[in-house]
Amino acid sequence: MGVGHLVASLVNPVASPLLAVGSALIDAAPTPAKEFAVRTFGTNDKPILVSSIGVVLVVFGAVVGLIAWRRPRIASVAIGLLGVAGAGAAVTRGPWTNAIPSVAAGVVGVAALHLMLTRRVADATAGSALDAAKGRSRRGFLAALGGTAAVAAVAAAGGVVVGRARDAASAARRALGLPAPASAAKALPEGVQVPGVSTFTTPAADFYRVDISLVTPHIDASTWTLTLDGLVDRPLTLTYDDLLAMPLVERDITLTCVSNEVGGPYVSTGRWSGVPFRDLIARVGVHPGVDQVYSYSLDSNYTCSTPFQALNDGRDAMVVVGLNGEPLADERGYPARMLVPGLFGFVSATKWLQRIEFTTYAARTAYWTTRGWATDAPILTQSRIDVPRSLTTLPKDKPVIAGVAWAQHRGIAKVEIRIDEGDWKEAKLAADGGIDLWRQWSYVYDGPAGLHSAQVRATDLDGHTQPEQRTKVFPSGARGWHQIQFTSE
Ligand SMILES: Nc1nc2c(c(=O)[nH]1)N[C@H]1C(S)=C(S)[C@@H](COP(=O)(O)O)O[C@H]1N2
Ligand SMILES: [Mo]
């Protein structure tokens, strides 16, 4: 496995045997299993998957080792098959060269087994003759075992070092920064922030993250290209510099995930810079009849389906290159991703963007749609109580309940609170940054001391109020009111 990892760092980092198998498992996992993993392990789901595969491999290795005492050939075949399984998983996710790391791992694995077995045979022969010689041969076997482990560790570490070196090269490119936007974001009004509530513009490092990538892609922007094609007059391939040379706009937009539970953390706000879709659409000349834009990611077989109308109706849909004034971080989709105000991330926000195909819903089905999620789920109106944290005490001198509400591209009209399931009372809305942004709110509690509940519900500018009925996140997002328990002094 160590040698496989080293070879992968030179061929293609995602083709590392362990990661290739893990990625194949993610794609093959039925939706309920995926939901369980996300719900139970949250953002730790991937480290847990990788270490579980590691544990299975250790057990497999031990069993093969025991078999090898009596049936060395079967043991060799088992290790060889493991290499074949890794190679199979890797080629389903890219070119045939993705098989090389696993094949190397299989060959080295069989060779290592052979080396140790030869020592063991020497061990047995010598042992029957002379005890001292047996001792020496046992040392020979242990030396072979230790040597194999050392080579494996050095190879795996080498893979990590090569990966770091690649990162350093792309960091140098990123340090050049972004050109000034042709159309800068308007300053946010005074008072969008309520003290204690989530930071209005989420710092890049705190932005929520949701994707199916087992390894964060590290893409070299100097060789990266973005292709726009499909039902268009003039297909187009742009380099990173071509993209940066187009007029950039900068906009404040709140992004949400369909997998956000009621009261959950999968919502953040950024100041994004990028190329407006309308400019790209004008350059390629889109044919009549196109109703879907189908985007492809470079890192995996992830694809995403976006309604063409949302890219062409005047809203600030864009191919994003920057967040909060900096080029995108790797985990955020570097070098470029999509963003469309008013749509959930899974139907709009493809990271590590590789290709944008103008097509129809009849012709293409996206990654999550084939797994049962809604094709084109409208974004939900949602609200969350940030302070006080549930099960904490509301201070007597500052008894403020506060939080956020969002209904991107519709805007928030009203937020209401009710205490102990009494009458709904209007919360005070903080300053409004615009309909594509979340809105903060606050409410001063003036009831009796003791243990209480607070519930929140928002109404958007279309007049739609959040329904009480709770639903699961699958297949079109969680509905229902966020509720907390608190103690007032
Ligand atoms: N390539 C790729 N892009 C992706 C995804 C993914 O799994 N792979 N997940 C999408 C989903 S479900 C969401 S909610 C957003 C999250 O973007 P963020 O991680 O930058 O917050 O990215 C979208 N873009
Ligand atoms: Mo999402």
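Predicted model: local features only at pLDDT ≥ 70, side-chain atom pairs only at ≥ 80, totals over all residues.

**Strands, cysteines and a ligand**

Analyst: Let's start with strand S4 (residues 267-276), which is mostly covered: nine of its ten residues are buried. Buried means under 20% relative accessible area, exposed over 50%, and partly exposed in between (1.4 Å probe, protein chains only). Strands (E, at least two residues) are DSSP runs, numbered from the N terminus.
User: OK, how many bridges join S3 to S4?
Analyst: Eight bridges link strand S3 (residues 249-256) with S4, and the two run antiparallel. Two strands pair if DSSP finds at least two bridges between them. As an example, Ile 253 has Gly 270 in S4 as its bridge partner.
User: And how many join S4 to S7?
Analyst: Five bridges, again antiparallel, with S7 covering residues 318-323. There, Ser 273 stands opposite Gly 322 in S7.
User: Switching topic: how many disulfides are there?
Analyst: The count comes to zero, where a disulfide is a pair of cysteine sulfur atoms within 2.5 Å. Cys 304 is in no disulfide, and the nearest cysteine sulfur, that of Cys 257, is 12 Å away.
User: Is Cys 304 buried or exposed?
Analyst: Cys 304 counts as buried because its relative accessibility is 0%. Cys 257 is buried too, at 7%.
User: Now the ligand. Which residues come nearest to ligand 1?
Analyst: Of the 19 residues around ligand 1, the nearest are Tyr 208, Ile 212, Arg 332, Arg 337 and Lys 351. A residue is near if one of its heavy atoms lies within 4 Å.
User: What about polar contacts?
Analyst: Those are pairs of N or O atoms within 3.5 Å. An oxygen atom of ligand 1 is 2.5 Å from an N or O atom in the Lys 351 side chain, and a ligand 1 oxygen is 2.6 Å from a polar backbone atom of Tyr 208. A nitrogen atom of ligand 1 lies 3.0 Å from a backbone N or O atom of Ala 349.

Methods
Residues numbered from 1 in each chain as written. Chains lettered and ligands numbered in written order. Heavy atoms only, no water. Helix = DSSP H or I, 4+ residues; strand = E, 2+ residues; numbered from the N terminus. Polar contact = N/O pair within 3.5 Å; in protein donor to acceptor, adjacent residues only side chain to side chain.
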